[in-house]
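This briefing describes the structure displayed below.

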Protein chains: 2
Amino acid sequence: MIVEVIAVGTELLLGQIVNTNVAHIGGRIADLGLDAHYQQTVGDNLARMETAIRTALGRADAVIITGGIGPTQDDITREAICAATGRKMEFSDEYAQALRERYARWAREMPESNLRQAEYPEGAELLPNPKGTAPGIALEHDGKLIFALPGVPPEMHLLLDDHVLPRIRAKAGIDEVLVSRVIKTWGKGESAVAEQLSDLFDSSVNPSMAFLASNGEIKVRLTAKAGTVAEAEALIAPVQRQVEARLGSLVFGRDDDTIEAILIELARSKGWTIGTAESATGGLVAGRLTSVAGSSEVFRGSIVAYATDLKRSLLAVDEATLGAGVVTEPTALAMAMGARERLGVDVAVAVTGFAGPSGDEPGTMVVAIATPEDARARTLRLPGDRERVRTYTVTSAVHLLRLALTGEWWGA
Amino acid sequence: MIVEVIAVGTELLLGQIVNTNVAHIGGRIADLGLDAHYQQTVGDNLARMETAIRTALGRADAVIITGGIGPTQDDITREAICAATGRKMEFSDEYAQALRERYARWAREMPESNLRQAEYPEGAELLPNPKGTAPGIALEHDGKLIFALPGVPPEMHLLLDDHVLPRIRAKAGIDEVLVSRVIKTWGKGESAVAEQLSDLFDSSVNPSMAFLASNGEIKVRLTAKAGTVAEAEALIAPVQRQVEARLGSLVFGRDDDTIEAILIELARSKGWTIGTAESATGGLVAGRLTSVAGSSEVFRGSIVAYATDLKRSLLAVDEATLGAGVVTEPTALAMAMGARERLGVDVAVAVTGFAGPSGDEPGTMVVAIATPEDARARTLRLPGDRERVRTYTVTSAVHLLRLALTGEWWGA
């Protein structure tokens, strides 16, 4: 089965927004094992939209149109579908009533133009849009499927998953489900992780394995096809166990887990409070830890000692240690110790370094962590510009904090 | 003149990458005042690429193809152009020699497949690619222009600006240059800024005016067309003066200016040092100020007092003030005063608030700034989730800091 996506919107042609919708839909279609040969983008122009839809219907079995179904005068996807299929426009009293009630609940007056969203090509079905006022449209025409979805990504994603993909699956006779599990790792690069799993990668067809790198974290995605979700999960489970056993302490979470949330939960479970002492990262480690709602239960505070004399006055790093070098493991360890005392925390993360571009050794960053059980430092040498060096240091610091909280730590 | 962009690559159809190239090219075409009616995306398939090119030639005056000109077997844009235009493939001994010399300079052996990049449709011109090995292609066919560019964005951008747009301009008879000036503002929303400039917006055709919102900052873009850059700048200057006079202290910079760099420069020029005292923003204001290389000349440090007792012990906020409310203007002012003393800085920015989602009043944030001249606070009530509230608070804090450094301050 061939699926073609048409994105509607003059703003796309003008380059005012990047079209993320077609990539999202393309990925979902590929996940189903279906084919895509072309994508089209067209402006808010009736004749051209009609041409685009006719062209797509001539070469694909299903056409998904995004955009142009809102309430304003330039939203003419409904009209273009009528023109391309030779159908009349109908009006849904039921949907009009639902729109009026929605506005009444918001205690707002409904602009009359909103009623355009109750229009639909003869024979089409309206797909309810819980996140917006424009319903999607589903139509079968000459044995082919036509869908119109909102251009707003969160609304589009919802209607795609809930209404469009199930209909396409049914039409394509796909009675299998697809289940994915993501195993999140930190500590080695993509090629090193892939190498450790290469025999599993080769031998495992269902589930299949894929690698994704983002922000220094490497994700291993296992995707299984089966008749039911339970069967797919049963296929995934043994491979997941093998992958996790191989990767050991590189693994920090699964699916939607974030390292920040895991850290807060780890600290809470041990009854430990956390603080940071930062120089080159300027407060960004603390900023990341406090991005989690409820972090105040374990995170107490931070001392950002950017100026060297503040490392002495606020973190009690002694003169001799500082004199031997501000960007050294002893200084980082002393900062962590000082933070434990001054912030009154059980666990302190300290960072000192040269973020660049100037300085003695740009990209040299030292992270130290002190807990009630141990204290260790690690020196990082990072490539890239100032922003990249700082971002990677923050990611390294939070992942090293995880190893300290679990007691796994790291070698010298 | 109508220009159509064709993006080539199966990875685009599969949604593995988001197509930023078409948005980039679309913006440049629109800047020239030329029209775009359609964009197409097609996989690495000869017959479908030929169809896409023929379709585009049937309705546009210039066709820009991105992708598919590398050295590998699935790079078949050159073949597709030959097929769509009925031209033979030629081979450039000159380019082959240049490729060989390039590899010799790198002291690497050239894979023979690289010579495919010396092929070109009969009559085409090779466009040198300083950032890669694949040259672009420019061809005039039946009075229409066809270009093939690399899919790698930095290579594409360079060839687009240096070779494609000049040829399109010449063909379209555009002998004018386009100059833009961006005026950056903070403090009012897009509609309020637009309203203040509405008569200028209506009356000024050259330069034209556009509004762009990003991260709480509103940009006013003036774009002038003229015979020379100097003439275009002369057209912009009086309108820019009017816009800046109207917007007054809302304006913080121009073109590539960033608020962080402006702040560091402002503080340096006054000989003032800066520090922060943060609660709900957890160090992110300090993180933003230290994103500028060289910020250590004026930024000394920060105390992130997330726990209430640290506001007392590290920032010397007294019990009575805290008792009356942690998220209040008096507490924020006391934090700023405490930070001035404990960090030994001239200027301190303090933030306290409820970032949400729980807490008494999620979205209520207080910023206070103390300088050697004055100290004031401002209470913000921000919509959105925790991340958005924190991001907007950081942006507000740095912009309020600018008003404090310039001595403009703000009303109660």
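In this predicted model, B:Ala368 touches B:Glu329, B:Ala332, B:Leu333, B:Met335, B:Ala336, B:Ala350, B:Ala375 and B:Ala377, leaving aside residues up to four places away in sequence.

**Nonpolar cores**

- The largest nonpolar core has 115 residues, of which A:Ala336, A:Ala368, B:Ala336 and B:Ala368 touch the most other members.
- In soluble globular proteins, nonpolar side chains tend to be buried together.

**Contact between the chains**

- On the side of chain A, 47 residues are in contact with 46 residues of chain B.
- At least two residues each of the side of chain A that touches chain B come from helix H2 (21–31), strand E2 (38–42), helix H3 (46–59), helix H11 (284–289), strand E14 (299–305) and helix H15 (386–405) of chain A.
- The element that gives the most to this side of chain A is E14(A), with seven residues.
- Sorted by class, the side of chain A that touches chain B holds 23 nonpolar, 20 polar and four charged residues.
- The chains also share strand pairing: E2(A) pairs with strand E2 (residues 38–42) of chain B in the antiparallel sense, over five bridges.
- Within this pairing, A:Thr41 stands opposite B:Gln39 in E2(B).

**Overall form of chain A**

- Chain A contains 15 helices and 17 strands.
- Its radius of gyration is 28 Å, well over the 22 Å that the globule rule gives for 412 residues, so chain A is more spread out than a compact globule.
- Taken along the principal axes, the C-alpha atoms of chain A fill a box of roughly 85 × 55 × 40 Å.
- Of its 412 residues, 45% count as buried.
- Among contacts in chain A with a separation of 6 or more, 64% involve residues 24 or more positions apart.

**The four-stranded sheet of chain A**

- Four strands of chain A form an open sheet with antiparallel pairing, in the order E10-E11-E9-E12.
- Strand E10 (208–214) and strand E12 (251–254) of chain A stand at the edges with a single partner strand each, so one side of each has no neighbour in the sheet.
- On average, and with direction ignored, neighbouring strands of this sheet are turned by 25° against each other.
- E10(A) and strand E11 (residues 217–226) of chain A run antiparallel and are joined by seven bridges; A:Ala210 stands opposite A:Arg221 in E11(A).
- Helix H9 (residues 229–247) of chain A lies across strand E9 (177–186), E11 and E12 of chain A, and runs at about 15° to E9(A).

**Strand E1 of chain B**

- Strand E1 (residues 3–8) of chain B is mostly covered, with six of its six residues buried.
- The buried residues lie on both faces of E1(B): B:Val3, B:Val5 and B:Ala7 on one side, and B:Glu4, B:Ile6 and B:Val8 on the other.
- E1(B) runs parallel to strand E3 (residues 62–66) of chain B and is joined to it by five bridges; B:Val3 stands opposite B:Ala62 in E3(B).
- E1(B) also pairs with E2(B), in the parallel sense and over four bridges, and the bridge partner of B:Ala7 in E2(B) is B:Thr41.

**Two individual residues of chain A**

- A:Leu165 lies in helix H6 (residues 153–172) of chain A.
- A:Leu165 counts as buried because it has 20 C-beta neighbours inside 10 Å, and 20 or more is the cut-off for a buried residue.
- A:Leu165 touches A:Arg28 and A:Leu160, not counting residues up to four places away in sequence.
- In sequence A:Leu165 and A:Arg28 are 137 residues apart, whereas their C-alpha atoms are 8.2 Å apart in space.
- A:Thr328 lies in the loop between helix H13 (319–323) and helix H14 (329–343) of chain A.
- With 18 other C-beta atoms within 10 Å, A:Thr328 is partly exposed.
- A:Thr328 and A:Val366 are 38 residues apart in sequence, and their C-alpha atoms are 6.6 Å apart in space.

Terms used. Residues numbered from 1 in each chain as written. Chains lettered and ligands numbered in written order. Predicted model: local features only at pLDDT ≥ 70, side-chain atom pairs only at ≥ 80, totals over all residues. Contact = placed C-beta atoms within 7 Å. Nonpolar A, V, L, I, M, F, W, Y, C, P; charged D, E, K, R; others polar. Pairing = 2+ DSSP bridges. Rg over C-alpha atoms; globule rule 2.2 N^0.38 Å. Buried ≥ 20, exposed ≤ 12 C-beta atoms within 10 Å, placed from the backbone. Core = buried A, V, L, I, M, F, W, Y, C linked by C-beta atoms within 7 Å. Axes fitted to C-alpha atoms, helices over the stretch in contact; angles between N-to-C directions.
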